[in-house]
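Hi there,

Here is the structure I promised to pass on.

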Amino acid sequence: MRKDLHGLTLSTDSGTAVDAFDRATLAYLKYRTDAARHLGAALKADPQFALGHVLRGYFNMLAYNKANIQGAAEALAEARKHAKRTTTREAAHIEALARWVDGDLDRMLEVWRGVFAEHPHDVLAFRLHHFNAFWLGRPATMQAEVERVFPHWSAELPGWGMILSCRCFAHEEAGNYTLAEGAGRQAIEVDPGDLWGAHAIAHVLEMQGRRSEGIDWLKRLEPNWEGANNLKHHLFWHRSLFHIERREFDEVLSLYDHGFRDLGSPLTLAMPDMYIDVQNAASMLFRLERQGVDVGDRWLELADKAEARIGDCLSAFTLPHWMMALAATGRGAAAQRMIDGMRAFARGNGTVERLVGRVALPLCEAVMAHRQSRHAEVLKLMRPILGDMYLLGGSHAQQDVLEQLFLDSALKADSAGDVQLILERVSGRHPVPPSRRIGYAAAAARYAH
Ligand SMILES: [Fe+2]
């Protein structure tokens, strides 16, 4: 038995395995691509290290890609083989991975919550809970749980910056911008290469309409992102959100091609259909087209990847983005196959299955109807789920594209009541008035009381 970087017991006798596991953990917390390499070294040093296998399973599941389930299930089986000598905490991690592989995400969150309630320094349980709660649209849970562990943390502990950046993001999504900004700036003082901290502050600045500041913030921190994983792309996407508000469309397209959808970059080549990258790309193309910008053939490669992922519904919020690409390229038959695949998936009883059936399915039908100018149908499909779209996960900034979709159809159907509805909705969710936001200004001017 040995101790990890927070003094928690690990069921391995290999100091090399522990050191490598700690490096893998920190790399994961810092969104670095070398996390898997360090984990590989840990498992090489001790192939019977159960929590190491669990972490391998977690890394597989974090791709939210059906093709990775097999790898996660194999890692789980390997962890179980060595479960006899694990601690109660490690056994709980095995249980959490099992629930994730099974699709019981509610139970998975409960298991992690139990772990960090008892061991507030278990950064894996906390961070995985935070991240998955986010992708299940549960900002109140994120906020409550970061406040649960926060009193147990201080600057001396490794991972302190991560706690601060999670505190920032959770409070930003809850609308507590002052507290959020303080925590996020502190996280960047701890480590200017903290991507989650940089990201959380970018959200604060976006929600407060501080656009020049947002561009400067991200540009200034960019030199610290060496070795970062795909979250780096999402930060370029955030910068482009500020530029689009300033109608700097050429800059947005340049960031698209060279920042967040650079098809030749090593990160994109390694994972060409990574969920967050697809969300960034489709969401920005949709926003640009609403502003009359010609996006060229950029939808095509996304549509190819969408077709290849038909039937994979693990990332519910990505589904409408996949559908945007199929719709934009007129691939009606593929779109129908995607809808059929979602229907089949939704017959399951897991957490995401239920969300897909209830929210993502009508939403994807609406995406296709919008592109085919069946605007009354879009409104009919989306009205009942407007209040539930957040359940698909994604931030306010990301969800905004769905609000814009509804607004666009409301405008094109000349449905004044629906335009008012969406203007009121976004006014309630975003502190910057619609008249000062590019996606809403024209509608606000035309339909003002
Ligand atoms: Fe974001």
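Let me start in a loop: Tyr64 lies in the one between H3 and H4. Helices here are DSSP runs of H or I with at least four residues, strands are runs of E with at least two, and both are numbered from the N terminus. Tyr64 has a phi near 45 degrees, a positive value in a residue other than glycine. Is Tyr64 buried or exposed? Tyr64 is buried, with 20 other C-beta atoms within 10 Å. The cut-offs are these: a residue is buried if 20 or more other C-beta atoms lie within 10 Å of its own, exposed if 12 or fewer, and partly exposed in between, with C-beta atoms placed from the backbone.

Before going further, two notes on the source. This is a predicted model, so local features need pLDDT of at least 70 and side-chain atom pairs count only at pLDDT 80 or more, while totals for chains, interfaces and linings use all residues. Residues are numbered from 1 along each chain as its sequence is written.

Asp414 counts as exposed because it has 9 C-beta neighbours inside 10 Å.

Now the overall picture. The protein chain has 24 helices and two strands, and its C-alpha trace spans about 70 × 45 × 40 Å along the principal axes. For 449 residues a compact globule would have a radius of gyration near 22 Å, and the protein chain agrees with that at 22 Å. The radius is taken over C-alpha atoms, and the globule rule is 2.2 Å times the number of residues to the power 0.38. Of the 449 residues, 51% count as buried. Among contacts between residues at least 6 apart in sequence, 59% join residues at least 24 apart; two residues are in contact if their C-beta atoms, placed from the backbone, lie within 7 Å.

Next, the helices around the first loop. His53 is in helix H3 (residues 50-61) and is buried, with 27 other C-beta atoms within 10 Å. Not counting residues up to four places away in sequence, His53 touches Leu43, Ala75, Glu78 and Ala79. Gly439 is 386 residues from His53 along the chain, and their C-alpha atoms are separated by 46 Å.

H5 itself (residues 88-102) has 15 residues and reaches 21 Å from its first C-alpha to its last, close to the 21 Å expected at 1.5 Å a residue. That expected span is 1.5 Å times one less than the number of residues. The buried residues of H5 include Glu90, His93, Arg99 and Trp100. Just after H5, Gly103 takes a positive phi of about 90 degrees.

H6 has 14 residues and reaches 20 Å, close to the 20 Å expected. Its buried residues are Met108, Leu109, Val111, Trp112, Val115 and Phe116. Seen down the axis of H6, they fall within an arc of 160 degrees, so they line one face of the helix; the arc is that of the directions from the helix axis to the C-beta atoms. Their cover includes H5, helix H7 (123-135) and helix H8 (139-149).

Which residues have the most contacts inside the largest nonpolar core? They are Met323, Ala325, Leu326, Val356, Ala360 and Cys364, in a core of 145 residues. Such a core is a set of buried Ala, Val, Leu, Ile, Met, Phe, Trp, Tyr and Cys residues joined through C-beta atoms within 7 Å. H20 gives the largest share of this core, 12 residues.

H20 (351-371) turns up again beside H21 (residues 375-382): the buried residues of H21 pack against H20, helix H22 (396-412) and helix H23 (416-429). In H22, Ala397 is partly exposed, with 18 other C-beta atoms within 10 Å. Ala397 and Glu206 are 191 residues apart in sequence and 7.7 Å apart in space, C-alpha to C-alpha.
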